[in-house]
Structures are given as structure tokens and as C-alpha cells.
Amino acid sequence: MSPVLRAFAARVTGLAISTFARFMTAPRAIWLGIEPIPAQRIYFANHSSNGDFVLLWTALPAPLRRRTRPVAALDYWLTSPLRSFIGREVFNAVLIDRRPEARAEDPVAQMVAALDQGSSLIIFPEGQRNSSDAALLPFKSGLYHLAKSRPGVDLVPVWIANLNRVMPKGEVIPVPLICTLTFGAPLHVEPDETKDTFLARASRALLELKAPT
Amino acid sequence: MTPPHLLWLLAGVGTILVLASVIGEILRVRLSPAGDNPVVENLNARINAWWVMVICLALAFIAGKPGVVLLFALCSFAALREFLTLTTHNRADHWSLVACFFLILPLQYWFLATDWYGMYSIFIPVYAFLLLPVVSSLRGSTKDFLIRVSETQWALMICIYCASHVPALLYLQIPGFEGRNVILIAYLIFVVQLSDVMQYVWGKLLGRTKVAPNLSPSKTWEGLVGGTLTATAVGTALYWMTPFSPLEAAGMCLLITVMGFFGGLVMSAIKRDRGIKDWGHLIAGHGGFLDRLDSVIFAAPIFFHVTRWVWSTT
């Protein structure tokens with residue numbers, strides 16, 4: 001396929017996927033602590049479903065969406081030609097390898113490189129889908145290292161509610177239910193803040209959006 | 001073929017909306033030049049949403065039976081999505097919920113489109129009522145079982161069954177009224193929604209005594225009486241486009257406006273219990289589909305059956 005045709009197919013597929021996401025979840029974005037303006041940001045969200053980044057991407061206004069790239073697992077997205085097309089070309093994902101022993105590139109370096117190109121990022125600091133009873137799994141350290149490398153970029157917590165009810169793990173057909181995405185006030189790492197304090201603070205900031213008052 | 005009376009009604013609604021838009025704009029310039037008066041901003045959002053809703057309805061009317069059935073099937077879908085977001089269910093109900101959206105909803109509208117009255121009038125109250133709990137029970141979770149299946153059934157009755165009685169009006173056979181049934185739908189929606197709007201207007205102007213302070217702060221006796229009487233008066237004046245005599249039209253209008261009011265009250269009680277203000281967010285200024293349709297949903301089956309019983313030959 002010619003590159004022009006592939007790019008067109010990617011746009012159409014992206015539109016089809018986000019239209020489907022809207023049909024199923026009528027996503028509602030609540031901008032609680034920050035405005036939807038086109039500034040460079042790292043959106044970090046809870047992760048309970050494979051549809052999380054699609055929904056977050058869909059809920060962003062179009063000018064923000066165009067420059068926002070999800071960070072996703074290479075070991076999932078490169079397993080078939082279709083997934084690879086969706087991951088790489090439709091969503092322009094930053095594909096990182098979760099297996100330290102197998103990887104050729106450092107994930108944080110890859111994310112920093114994407115930031116330096118002017119992109120915003122969507123990341124899931126829990127590192128895997130949460131199917132436990134706990135609201136959040138402990139955060140991986142990537143978020144801290146990323147914040148430390150580019151301290152000027154806003155870290156925006158986003159709580160995604162209800163998507164795990166739309167598509168519980170192991171089900172094949174989704175149920176249409178309304179999902180809400182709450183965007184909180186941006187965080188920055190303090191100069192003398194340790195990794196653990198920062199990750200705990202980020203996790204708390206995300207949890208506080210779960211039931212906003 | 002679009003009946004001429006329908007065009008008159010649409011032209012009338014169009015005129016009301018033009019007037020409302022002009023008044024909204026004057027209020028905005030006078031009271032909310034910086035967009036900081038929430039009442040005026042909400043009023044204008046509501047008026048703009050009314051334009052969209054009336055245009056969608058008019059397009060469906062022009063497209064005829066398939067258009068109207070499809071429009072209400074989509075409304076049922078959006079309403080069900082709002083309702084089931086708030087009901088109690090767990091993973092064991094996944095397949096029953098999938099069935100609500102992708103089996104029961106299309107089937108109900110299919111029975112309607114094929115004019116199978118004996119089926120669409122009992123499909124949800126009998127077959128869905130008996131079979132859906134079976135699907136949930138097969139997954140083995142007993143936690144809150146009765147609450148889960150009852151709330152799902154309630155969602156089906158409100159969002160699919162009752163709502164489908166609006167397009168069902170197209171299939172009545174009223175001697176001397178052939179080819180004009182779409183007027184019944186336009187008339188029902190117009191009178192009920194006018195009553196809602198006039199309850200809001202009278203309530204804002206004169207409202208003092210709350211009907212049910214625990215349920216809704218905005219529903220007052222002054223608004224209720226003013227709204228239903230205004231809508232009944234206008235509906236009676238429009239008797240010539242319906243199969244009803246003036247007196248019958250007045251009775252029907254009173255019936256559907258009062259049912260519409262109770263619909264709003266019942267749906268408010270549910271929202272209050274679940275701690276929300278609106279069912280959804282897709283209709284700017286109004287909330288969700290259910291916020292706008294609650295009164296029509298309660299009025300439609302009664303209007304349908306009374307009309308069928310007294311005037312229709314089917």
C-alpha cells in the first residue's frame with residue numbers, strides 16, 4: 001500500500017474507533033482542575049480496560065488529540081499486523097517494552113524523546129490492567145523519572161470511571177454505558193522530592209478524582 | 001406525503017423558536033454580556049437544543065414511518081444507556097445487559113415496524129420480564145439479585161417499552177384520519193413539551209409552593225397549574241388537526257400534561273435517590289435524553305391506548 005493510502009486508512013480507522021467509543025460510552029470529560037487548552041501535557045490515568053487510552057484520546061478536544069500519543073506495551077501491540085497498524089499508525093503510540101531483559105531501548109528515554117518532539121503523552125502508571133478490588137495498583141517508577149527529566153511539563157491526573165463495567169475482563173461484547181473522565185489539577189515533581197513521596201502524591205491526586213465533591 | 005396540518009404545526013413551532021431565540025439574545029445582551037449569568041446562558045443553551053430537536057423530529061416526519069421508528073429507536077438506545085449507567089448490576093448481568101441493547105431494543109422496534117400489536121404490547125412486560133432474570137441467574141451470582149433484575153426491567157419498561165408507544169401512534173387506524181397519523185405524534189410531543197416549558201416559565205415567574213420539596217426544587221403548584229392549563233388551552237385550540245372534538249381534545253390534553261408532570265416527578269425521585277442532577281450531558285442545557293423525554297415517556301402509552309380504545313378500529 002502506498003504511504004498516502006496508509007495514512008488515509010489510518011485516519012479513517014481512527015475516526016471509526018472513536019465513533020464506536022462514543023456510541024458505546026458517550027464519554028463525558030469533566031475538566032476539574034485544568035482547562036482543555038493545547039499545552040504540552042502528560043496525562044496519567046487509571047487502567048482497568050484495554051479501551052482506556054482510546055476513550056481518553058476520544059475525550060480530548062481535536063486540537064489536543066492530534067498531538068497526543070498513548071504510551072503502550074510493545075509486547076501487546078506488535079503481535080499481529082492489525083494491532084501493529086492500529087498501535088503505530090492510527091494512534092501513533094510510543095511503544096515501550098515492558099520486559100527489562102529483552103528491551104533494546106529505555107522506556108523513559110523513548111517517552112522523553114516523544115516529549116522533545118512536542119507531543120503530549122497518555123500513560124498508565126500502574127503498568128498493567130487493574131482487575132483487583134483495589135482502586136489503584138502501586139505506581140511504577142516511570143512516571144517519576146519522566147517528571148524528573150522534563151520538570152516543566154504538566155502531569156495531569158485523569159480518572160476514567162465506568163469503563164470496566166462497559167467491558168469487564170474476559171467479556172467479548174461491550175455494554176453501552178456512560179463513562180466519565182475527570183481531569184484534575186496538574187502536578188510537578190518538587191526539586192527535593194523522593195521517588196516514593198512523589199509517586200504516593202500522584203496516586204493520591206488521581207484517587208481524589210474518583211469521587212469529586 | 002406530509003400532511004398540510006403538520007406543516008402548519010412545524011411552522012408554528014418554528015415561529016415560537018425564532019421568537020424565543022430573539023428574546024434569548026436580548027436577555028443575553030442585557031443581562032449576560034460576558035456570558036456570566038447562568039440562568040440566561042442555560043436558557044439560550046436550551047433554546048439552541050430545541051432547534052436541533054425540532055429539526056431532527058421534522059426530518060424524521062418527512063422520512064415517514066421508517067424515519068420516525070428509527071429516530072425513537074435511537075432515543076431509546078440513548079435513554080437506556082443513561083438509565084443502566086445508574087442501576088445496580090454486576091458482572092453476572094453482563095449478558096442480560098447486552099441482550100437489552102442488542103436484542104430486546106431492536107426486536108421491540110421491529111415488531112412495531114411490522115405492526116404486530118399483539119407482540120409489541122406484551123414483548124417486554126411478558127417475555128423479557130420472564131427470560132432476562134433467567135440469563136442473569138445462570139451466571140450464579142445471588143447478591144442483590146431481585147434489585148438487579150427489577151432495576152433492569154424498569155429500565156426496559158421506561159426506555160424501550162413506553163418510549164416505543166410514541167411511534168406506535170403511526171399504526172392506529174382512525175376512520176377519516178388516514179395518512180395523517182404523524183399529526184398524533186407531533187400533537188402529543190408538542191402539547192406535553194409545551195406544558196413542560198410553560199411549567200418552567202410559570203414556575204420562574206410565580207412559583208412559590210413546592211409540590212414535592214424532597215423530590216424537585218423546581219416543581220411548584222403555580223408552575224403545574226399554569227403549565228398544564230396553558231398547554232391544554234393551546235392543545236384544545238388545535239383540535240381541528242386531530243381526530244378529537246374540542247371537548248375531547250381538552251380532555252386528552254389534560255390527561256397527557258398531568259401524566260407528563262407525574263413522569264417528571266417520578267424520574268426526579270430516581271435521580272434524587274442516585275444523587276445526580278441530570279441523567280446525561282448530551283443535550284446542552286437540558287441534560288440527558290431522559291431529562292427531555294421523561295414526560296413524553298409517561299404520557300405516550302396512555303395517549304396511545306385511550307386513542308386506540310375510543311377512536312381506532314384496530
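Me: Starting with helix 9 and helix 11 of chain B: how near do their axes come, and at what angle do they cross?
Reply: In this predicted model, the axes of helix 9 and helix 11 (residues 246-274) of chain B come within 9 Å and cross at roughly 55°.

Me: What does that make them to each other, parallel or oblique?
Reply: Helix 9 of chain B and helix 11 of chain B are therefore oblique to each other. Their crossing is right-handed.

Me: Which residues meet there?
Reply: From helix 9 of chain B come B:L188, B:V191, B:V192, B:S195 and B:D196. Helix 11 of chain B brings B:C253, B:I256, B:T257 and B:G260.

Me: And by class?
Reply: The contact of helix 9 of chain B with helix 11 of chain B has 5 nonpolar, 3 polar and 1 charged residues.

Me: Where does B:Y200 sit?
Reply: B:Y200 is in helix 9 of chain B.

Me: Is B:Y200 buried or partly exposed?
Reply: B:Y200 counts as partly exposed, because it has 17 C-beta neighbours inside 10 Å, and a buried residue needs 20 or more.

Me: How far apart are B:Y200 and B:A113?
Reply: They are 87 residues apart in sequence, and their C-alpha atoms are 35 Å apart in space.

Me: Moving to the core. Which residues of the largest nonpolar core touch the most other members?
Reply: They are A:L56, B:L80, B:A163 and B:L188, out of 131 residues in that core.

Me: Which helix gives the most to this core?
Reply: Helix 9 (residues 182-206) of chain B does, with 14 residues.

Me: What is B:A163 in contact with, leaving aside its neighbours within four places in sequence?
Reply: Its contacts are B:F72, B:C75, B:S76, B:A79, B:L293, B:I297 and B:A300.

Me: Now helix 3 and helix 7 of chain B. At what angle do their axes cross?
Reply: The axes of helix 3 and helix 7 (residues 145-162) of chain B cross at roughly 155° and come within 8 Å. That makes helix 3 of chain B roughly antiparallel to helix 7 of chain B, because angles over 145 degrees count that way.

Me: Left-handed or right-handed?
Reply: Helix 3 of chain B passes helix 7 of chain B in a right-handed crossing.

Me: Which residues make that contact?
Reply: B:S76, B:A79, B:L80, B:F83 and B:L84 in helix 3 of chain B meet residues of helix 7 of chain B, namely B:A155, B:I158, B:C159 and B:I160.

Me: What about the two chains: how many residues are in contact?
Reply: On chain B there are 12 residues in contact with 10 residues of chain A. Helix 3 (65-86) and helix 4 (94-113) of chain B are the elements that give two or more residues to the side of chain B that touches chain A. That side divides into 5 nonpolar, 4 polar and 3 charged residues.

Me: Where is A:N162?
Reply: In the loop between strand 6 (154-161) and helix 8 (163-166) of chain A. A:N162 is partly exposed, with 18 other C-beta atoms within 10 Å.

Me: And what is phi of B:D144?
Reply: Phi of B:D144 is near 55°, which is positive in a residue other than glycine. B:D144 is found in the loop between helix 6 (123-138) and helix 7 of chain B. B:D144 is partly exposed, with 13 other C-beta atoms within 10 Å.

Me: Back to chain A. How do helix 6 and helix 7 of chain A pack?
Reply: Helix 6 (residues 107-116) and helix 7 (residues 142-149) of chain A pack at an angle of about 45°, with their axes 10 Å apart. Helix 6 of chain A and helix 7 of chain A are therefore oblique to each other.

Me: Which residues of those helices make the contact?
Reply: A:P107, A:V108, A:M111 and A:V112 of helix 6 of chain A, and A:G142, A:H145, A:L146 and A:S149 of helix 7 of chain A.

Conventions:
Residues numbered from 1 in each chain as written. Chains lettered and ligands numbered in written order. Predicted model: local features only at pLDDT ≥ 70, side-chain atom pairs only at ≥ 80, totals over all residues. Contact = placed C-beta atoms within 7 Å. Helix = DSSP H or I, 4+ residues; strand = E, 2+ residues; numbered from the N terminus. Nonpolar A, V, L, I, M, F, W, Y, C, P; charged D, E, K, R; others polar. Core = buried A, V, L, I, M, F, W, Y, C linked by C-beta atoms within 7 Å. Buried ≥ 20, exposed ≤ 12 C-beta atoms within 10 Å, placed from the backbone. Axes fitted to C-alpha atoms, helices over the stretch in contact; angles between N-to-C directions. Parallel < 35°, antiparallel > 145°, perpendicular 65-115°, else oblique. Left-handed = near helix turned anticlockwise from the far one by under 90°.
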